[in-house]
Amino acid sequence: MDQSTAVRSVGGSAVLSIGSTSGRLKASLAKLKASNLPAKFFPEQNRHRCRRSSPVVKVVNLLSPFNTSVLPVTPEDVPKVEEKFEQHNGIQQFGEVSTGVWSKPNVRRKTKIVCTIGPSTNTKEMIWKLAETGMNVARLNMSHGDHASHQKVIDLVKEYNFQNRDNVIAIMLDTKGPEVRSGDLPQPIYLQSGDEFTFTIKRGVGNESCVSVNYDDFVSDVDTGDMLLVDGGMMSFLVKSKTEDSVKCEVVDGGELKSRRHLNVRGKSATLPSITDKDWDDIKFGVDNKIDYYAVSFVKDAKVVHELKDYLRSCGADIHVIVKIESADSIPNLYSIVSASDGAMVARGDLGAELPIEEVPLLQEEIIRLCRSMGKAVIVATNMLESMIVHPTPTRAEVSDIAIAVREGSDAVMLSGETAHGKYPLKAVKVMHTVALRTEATIVGGEKPTNLGQAFKNHTSEMFAYHATMMSNTLGTSIVVFTRTGFMAILLSHYRPCGTIFAFTDQEIVRQRLALYQGICPIYLQFSEDAEKTFIEALSYLQKQGMVKEGEQVALVQSGRQPIWRSQSTHNIQIRKV
Ligand SMILES: Nc1ncnc2c1ncn2[C@@H]1O[C@H](COP(=O)(O)OP(=O)(O)OP(=O)(O)O)[C@@H](O)[C@H]1O
Ligand SMILES: CC(=O)C(=O)O
């Protein structure tokens, strides 16, 4: 077996591919000399670390007609794959095209994909297709739609999870938060630089020169000289003067102003509570529907996270909280906010509106580093494939953006408008999958994030996770872990082992939750009283699905907060032959 399960079938086709490439191609590949690439790409020089194939081998593989592991990116190729979906009358037939779980993109890729569900994707057919193409988490944006429309999506995702025991999609409810939005307009207004335009707190105004704003303190929060941004900067307005109920502006960057657009004041957060009355109503809706994650918008301090967690405890809801870092006020409190939560989202849209745009990449890196060191999940969001809302191929800069987020170590990357209302939702997921998979193949694994030891305060589990990772990296094995709470699987994920973490759980809620975490393939299994019987069943499942081969070794981990079969004091890692 190739040492990295994430790339094993790709690695296997290297020799064949060289033989099948044209002379011109061979000549260009010859130019890709090892000496021209950074030493860290070459595993021979990092023997003590994870063994990976070099990018040169991967380039050959990408170009090979025999390669089936890396999905195509070109517009010519992608429709062929989508056509394949169309050939099947009825989405249930997906199972028939699959040749075991290993063929699924969700298993081979480590970095997870969050897809926002909207008008382009809120049908049964599209949710099934998204799931089969690589979606790991379905995001419901509560700024749009009503409970009935979100209920339909939740029910469909649950139906998918129920019918597909070998794949799982988590559900994330993203709160609207204290968003300031302009009101309805009968039709879009075209504004040019230098035009005058007024925003008013009077209700129901929408004409060529003035529109309502949904926030009563808007006038008092804004000062003359402030810059107002629409949709994160798509249009901008300079505040010239204000009255009791209106703010008069000059258009700086013009464009088309549509209904219900998002407004930010550069450098300022609205003086509204992070969780509004509407959000509490939506949070209750999430509790009733047993969703997996809340993404909480515009969190400014840890207090609000504690408040939400207290509420969830009081109703016995086991839902994890992801804080969205998007408010200027959140930055000084970053450590305490992340510490109180289960993870963070780098919400680059609003972050880049409230703070200078050049701060966004630096903050992204810092937030990822902080989350990794604290053992928290981290998602990079917004504009990742923005051009694919209307075009079938991404810009090269967008491809690089995904690669950077993967290299920086994010657990997940997110699609917003691309899947919510874009023209090419499946292609966008496919591109994200391919870029992430390709980038992961060049990452040297097993680098322990600093300070992780202090994050978990459970030194035995911590030590076992660390050593299981080192052992599996050295031997080139996958990791098999049994978990009732998800704790040990999450801990292992934070050490970023090279092989896949097959996390067996007898709790459906844990199976769903683990879908967000880097490198984890969650699998439901009813645990037997007899540990050995359960291990055999798990390994036989993996073998049947093509995830491990006969004779291959796996690292089997029995550790964590709650003992399943072991007595309190025994923890162990076994290396087993399948
Ligand atoms: N549930 C939904 N129902 C209807 N439209 C939706 C839904 N979810 C998303 N959309 C549409 O997809 C767009 C992109 O989704 P996204 O989650 O990025 O929204 P957003 O961050 O609130 O952005 P915006 O400020 O542009 O609304 C939204 O602006 C909206 O037009
Ligand atoms: C995702 C989101 O809310 C943002 O980027 O602002």
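Which residues does the UniProt annotation "domain: Pyruvate kinase barrel" cover? According to that unreviewed entry, the annotation covers residues 109-429, although UniProt annotations, given here in the numbering used for this model with shortened feature names, may be inferred rather than shown by experiment. This is a predicted model, in which local features need pLDDT of at least 70 and side-chain atom pairs count only at pLDDT 80 or more, while totals for chains, interfaces and linings use all residues. Residues are numbered from 1 along each chain as its sequence is written, and side-chain values use heavy atoms, with hydrogens and water left out.

**Annotated span**
- The end C-alpha atoms of residues 109-429 lie 12 Å apart, and the span is 33% helix and 25% strand (DSSP runs, with H or I of at least four residues for helices and E of at least two for strands, numbered from the N terminus).

**Ligand 2**
- Ligand 2 is surrounded by K324, E326, A347, R348, G349, D350, T382 and M414, where a residue counts if one of its heavy atoms lies within 4 Å.
- Helix α14 (residues 348-354) gives the largest share of this shell, 3 residues.
- Oxygen atoms of ligand 2 lie 3.2 Å from a polar side-chain atom of E326, 2.8 Å from a backbone N or O atom of G349 and 2.8 Å from a side-chain N or O atom of D350.

**Open sheet**
- An open sheet of 7 strands runs in the order β4-β12-β8-β9-β10-β6-β7 with mixed pairing (strands pair if DSSP finds at least two bridges between them).
- Strands β8 (residues 227-230) and β9 (residues 235-242) pair in the antiparallel sense over 4 bridges, and L228 has F237 in β9 as its bridge partner.

Note on methods. Chains are lettered from A and ligands numbered from 1 in the order in which they are written. A polar contact is a pair of N or O atoms within 3.5 Å; within protein, one must be able to donate a hydrogen and the other to accept it, and residues adjacent in sequence count only if both atoms are side-chain atoms.
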